[in-house]
Amino acid sequence: MPRPCYLGGFLCAITLATLCGCASIGAPLPPELQLPKPPTDLRAARKGDKVYLVWSVPNATTERQTVRHLGTTEICRSLEVAMSACGTPAGEVAASQFPVPAAGKHKATGPVTKIQATYTDTLPQELQQKNPTEQVTYAVSVLNTSHRSAGLSNQVKVAVAPVLLPPENFQAQVTSGGVTLSWTGILPPSENAEIHHIYRVYRRPENSQTDTVVGEVPLSDSPPPPLVDHSFEWEKTYSYRLTVVTLVAQRGGPELQVEGDDTPAARVSAHDVYPPGIPSGLQAVFSGVGQAPFVDLIWAPVTDADLFGYNIYRHEQGVQPVKINSELVKSPAFRDTNVVSGQQYVYSVSAVDLRGNESAKSEEASEAVP
């Protein structure tokens, strides 16, 4: 019969205290879902059949952690006023198109450079033809690597109306009156009380990305009249392009506008070789009783915007005209004090613009000095 162990209970107590006295075991933490926060800055713009979408790639999860891995981004398109779910995506953007976020588990704090994502969607022709006065709604749904999403982004709308092809033979020609723009007109489609069309012409300076609308012309059955651009600057190079805009009336709201594709650009160098208008109505009047003799000249002012001044020419019978002003005359009047009694003088006036282009001489006016 073995001997009893009197120290057994004490040793057991010490062992249990050692094992159980380190720390208490709490409830297990739930696993991180790693759901990217839905974008809130989705933007959309339509040109022709293309819809261009732009948004910021999420850098934080719904649990305020830094996104470590992204899944596919679904492109959602619907005729519903407000989408509740993506349904069948109109397209997808693979995560491989974006830079890989930094690894590690930490809260997303501080300013983070946003990565812009883009997608170009093509509106089906059938959708345009069947719903010409409607709007289509877009959203994006960013998935994690388990193909789960925290929901849709903000939703944006674009008009569905079909667009027209650009006209042919678009040309730009520099003239003295401006840049004249012309093209071959197109026939408007069948009538729709809610839809009409206009031609819109843009101008862009060389080495610039800024466009300026220089004019709009309604689309009609008649050939379009030439459009003249008066707002350009001389001695600069421009490119012009034309597009047909579809306008859709909305009840209680502004018209929806959809631009079609552009014509090929027409490039012009606006070099001014065109003189201003010829002065008219020249009159010469002698004065000199009781004082030194002189002849006063007056004429109708030239109204060209780039007028810089006038030159005055004088000659006697049988002699070539000679310019008698040393500097350009700024107003439509001049006093000739270099006259001699007994002579008859013949005068004419020309106009000069800012770039030194000089008009032809006006009709002559003569005056005798007694």
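Strands here are DSSP runs of E with at least two residues, helices are runs of H or I with at least four residues, and both are numbered from the N terminus. Strand β16, for example, covers residues 280-287 and contains S280.

This is a predicted model: local features need pLDDT of at least 70, side-chain atom pairs count only at pLDDT 80 or more, and totals for chains, interfaces and linings use all residues. Residues are numbered from 1 along each chain as its sequence is written, and side-chain values use heavy atoms, with hydrogens and water left out.

## Overview

The protein has 2 helices and 22 strands. Of its 370 residues, 38% are buried. Buried means under 20% relative accessible area, exposed means over 50%, and partly exposed lies in between (1.4 Å probe, protein chains only). The accessible surface comes to about 21,900 Å². Carbon and sulfur atoms hold 54% of that surface. Areas come from the Shrake-Rupley method with a 1.4 Å probe, and for residues only the protein chains shown count as cover.

Contact means heavy atoms within 4.5 Å. Among contacts with a separation of 6 or more, 66% join residues 24 or more positions apart.

## Nonpolar cores

A nonpolar core is a set of buried Ala, Val, Leu, Ile, Met, Phe, Trp, Tyr and Cys residues joined through side-chain atoms within 4.5 Å. The largest one has 22 residues. F170, V179, L181, W183, V201 and Y240 touch the most other members. Two or more residues come from each of β8 (168-175), β9 (178-184), β10 (195-205), β11 (212-218), β13 (237-250) and β15 (266-269). β13 gives the largest share, 4 residues.

L181 has contacts beyond its neighbours within four places in sequence. They are F170, Q171, A172, V201, V214, P226, L227, D229 and Y240. A second, separate core holds 21 residues, including V51, W55, I75 and L127. In soluble globular proteins, nonpolar side chains tend to be buried together.

## Strand pairing

Two strands pair if DSSP finds at least two bridges between them.

| Pair | Sense | Bridges |
|---|---|---|
| β9 and β12 | antiparallel | 3 bridges |
| β3 (residues 73-78) and β6 | antiparallel | 6 bridges |
| β6 and β7 (residues 156-159) | antiparallel | 4 bridges |

β8, β9 and β12 form an open sheet of 3 strands in the order β8-β9-β12, with antiparallel pairing. β8 and β12 (227-229) are the edge strands, and each pairs on one side only. Neighbouring strands of this sheet are turned by 20 degrees against each other on average, direction ignored. Axes are lines fitted to C-alpha atoms, for helices over the stretch in contact, and angles run from 0 to 180 degrees between N-to-C directions. V179 has D229 in β12 as its bridge partner.

Strand β6 (residues 135-142) is largely enclosed by the rest of the structure, because 7 of its 8 residues are buried. I75 has V140 in β6 as its bridge partner. V136 stands opposite V158 in β7.

## Individual residues

N325 sits in the loop between β19 (322-323) and β20 (333-336). N325 is buried, at 5% relative accessible area. Its side chain makes a polar contact with the side chain of N311 at 3.0 Å. A polar contact is a pair of N or O atoms within 3.5 Å; within protein, one must be able to donate a hydrogen and the other to accept it, and residues adjacent in sequence count only if both atoms are side-chain atoms. Not counting residues up to four places away in sequence, N325 touches Y310, N311, I312 and F334.

S280 is partly exposed, with 41% relative accessibility. Leaving aside neighbours within four places in sequence, S280 is in contact with W299 and A300. S280 and I298 are 18 residues apart in sequence. Their C-alpha atoms are 9.6 Å apart.

Most residues other than glycine have a negative phi, and most peptide bonds are trans. N169, not a glycine, has a positive phi of about 60 degrees. N169 lies in strand β8. E235, also a residue other than glycine, has a positive phi near 65 degrees. E235 is in the loop between β12 and β13. E235 counts as partly exposed, with a relative accessible area of 43%.
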